[in-house]
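Here is a short briefing to read beside the sequence and the 3D view. Keep both open and find each residue as it comes up.

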Amino acid sequence: MTTTPEEMLVALEPWIAKHRRTAWFPDVLDNDATSTGSAFSGIPLLLKGEDWPTCKSCGNPMESMLQLDLKALPTDRYGTDILQLFYCVADDTCEGGWEPFSDQTSLCRIIRAKDTQPATTNLNRFPTKTIGGWTAMEDSPSSAEHERLGLKFDYHFKDVPFQPMEFWCPELGLHFVGPKFINFLEANVGATHLDKLGGWPHWIQGSEYPACPKCGTEMSLLMQIGSEDNVPFNFGDCGIGHVTQCPKHQDVVAFGWACS
Ligand SMILES: [Zn+2]
Ligand SMILES: [Zn+2]
């Protein structure tokens with residue numbers, strides 16, 4: 001019988017290793033807004049003849065919050081085109097941008113480089129941060145996903161509401177009783193809340209993967225954008241945003257965020 005939370009983590013390592021994913025932190029450079037590659041608030045590529053996208057709610061130009069040249073990433077899993085996220089930061093009464101596919105106060109899309117040209121003016125409000133490279137890190141699933149990945153929790157609701165009291169890892173034949181184990185698990189096995197490419201989403205209100213409108217497949221994380229990390233913006237109250245992509249349709253992307 002395992003007696004300490006540290007020993008619990010060692011015993012659980014095969015399960016943790018199975019779900020470990022590589023994610024990448026963006027290495028950003030503060031520079032002039034001249035980039036047409038990967039950047040936060042860089043001068044974006046626009047479709048030929050297209051005006052800078054505006055918010056359908058307030059009419060202001062939306063921020064080019066993120067542009068990624070997908071062929072220049074450290075992984076090829078997201079395709080070879082250009083990912084863009086425009087998002088309204090002009091008016092805090094513009095609501096609804098939290099919902100994937102809402103497209104009122106945001107525009108999340110994949111475009112082909114050959115169809116584009118750089119915008120001729122910079123209508124961003126935030127300073128450009130060009131993404132000059134990526135630093136790999138190991139990421140683990142958010143505690144909101146531990147149950148669906150095979151851990152079983154028991155809550156003892158009658159005695160202590162909302163605090164799990166014991167958990168099992170059936171595939172390893174492990175069972176731990178007491179909140180100290182669960183708190184240690186949550187503190188040590190989770191997804192980083194910082195901006196990152198790939199890895200596991202840091203969920204605030206439970207797992208919220210959108211479904212692809214074309215095929216119904218659960219979409220997966222492409223890029224996480226946290227409040228006030230590389231983008232000087234607060235999604236609600238310290239919320240975290242997620243750009244997701246259908247693993248079968250690389251042109252289907254969405255942006256949503258949640259806060260506590
Ligand atoms: Zn707006
Ligand atoms: Zn799909």
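**The zinc site**

The 4 donor atoms around the zinc ion (ligand 2) subtend angles of 105 to 113°, so their arrangement is tetrahedral. Ideal angles for four tetrahedral donors are 109.5 degrees. Keep in mind that this is a predicted model.

- The protein donors of the zinc ion (ligand 2) are Cys212 (SG), Cys215 (SG), Cys246 (SG) and His249 (ND1). They lie 2.1 to 2.3 Å from the zinc ion.
- Along the chain, the donors of the zinc ion follow the spacing C-x2-C-x30-C-x2-H.
- Cysteine 215 and histidine 249 link distant parts of the chain, 34 residues apart. Cysteine 215 is in the loop between strand E12 (196–198) and E13. Histidine 249 is in the loop between E14 and E15.

**Aromatic rings**

- How many aromatic pairs does the structure hold? It holds 12.
- One pair is phenylalanine 167 with phenylalanine 176. Their ring centres are 5.1 Å apart and their planes are at 35°, so the pair is tilted. Tilted pairs fall between stacked, under 30 degrees, and edge-to-face, over 60.
- Both phenylalanine 167 and phenylalanine 176 are buried.
- Phenylalanine 235 and phenylalanine 255 form another tilted pair, 5.8 Å centre to centre with 50° between the planes.
- Phenylalanine 235 lies in the loop between strand E13 (220–226) and strand E14 (240–245), and phenylalanine 255 lies in strand E15 (residues 253–258), so this pair ties together parts that are 20 residues apart in sequence.
- Phenylalanine 235 and phenylalanine 255 are both buried.
- Ring pairs also build a cluster. Its members are Tyr87, Phe126, Phe233, Phe235, Phe255 and Trp257.

**A charge over a ring**

- The charged end of arginine 21 sits over the ring of tryptophan 200. It is 3.5 Å from the ring centre.

**Helix H3**

- Which residues of helix H3 (residues 179–188) are buried? They are Phe181, Ile182 and Leu185.
- These residues cover an arc of only 95° around the axis, which means they are on the same side of H3.

Conventions:
Residues are numbered from 1 along each chain as its sequence is written. Chains are lettered from A and ligands numbered from 1 in the order in which they are written. This is a predicted model: local features need pLDDT of at least 70, side-chain atom pairs count only at pLDDT 80 or more; totals for chains, interfaces and linings use all residues. Side-chain values use heavy atoms; hydrogens and water are left out. Rings of Phe, Tyr and Trp (its six-membered ring) pair if their centres lie within 6.5 Å; planes under 30 degrees apart count as stacked, over 60 as edge-to-face and the rest as tilted. Buried means under 20% relative accessible area, exposed over 50%, partly exposed in between (1.4 Å probe, protein chains only). Helices (H or I, at least four residues) and strands (E, at least two) are DSSP runs, numbered from the N terminus. A charge sits over a ring if NZ of Lys or CZ of Arg is within 6 Å of the ring centre and within 35 degrees of the ring normal. The arc is that of the directions from the helix axis to the C-beta atoms. Donors are N, O and S atoms within 2.8 Å of the metal (3.2 Å for Na, K and Ca); water is not among the atoms, so sites may look incomplete. Four donors count as tetrahedral if all angles lie between 85 and 135 degrees; four count as square planar and six as octahedral if opposite donors are over 155 degrees apart and all others between 65 and 115; anything else is irregular.
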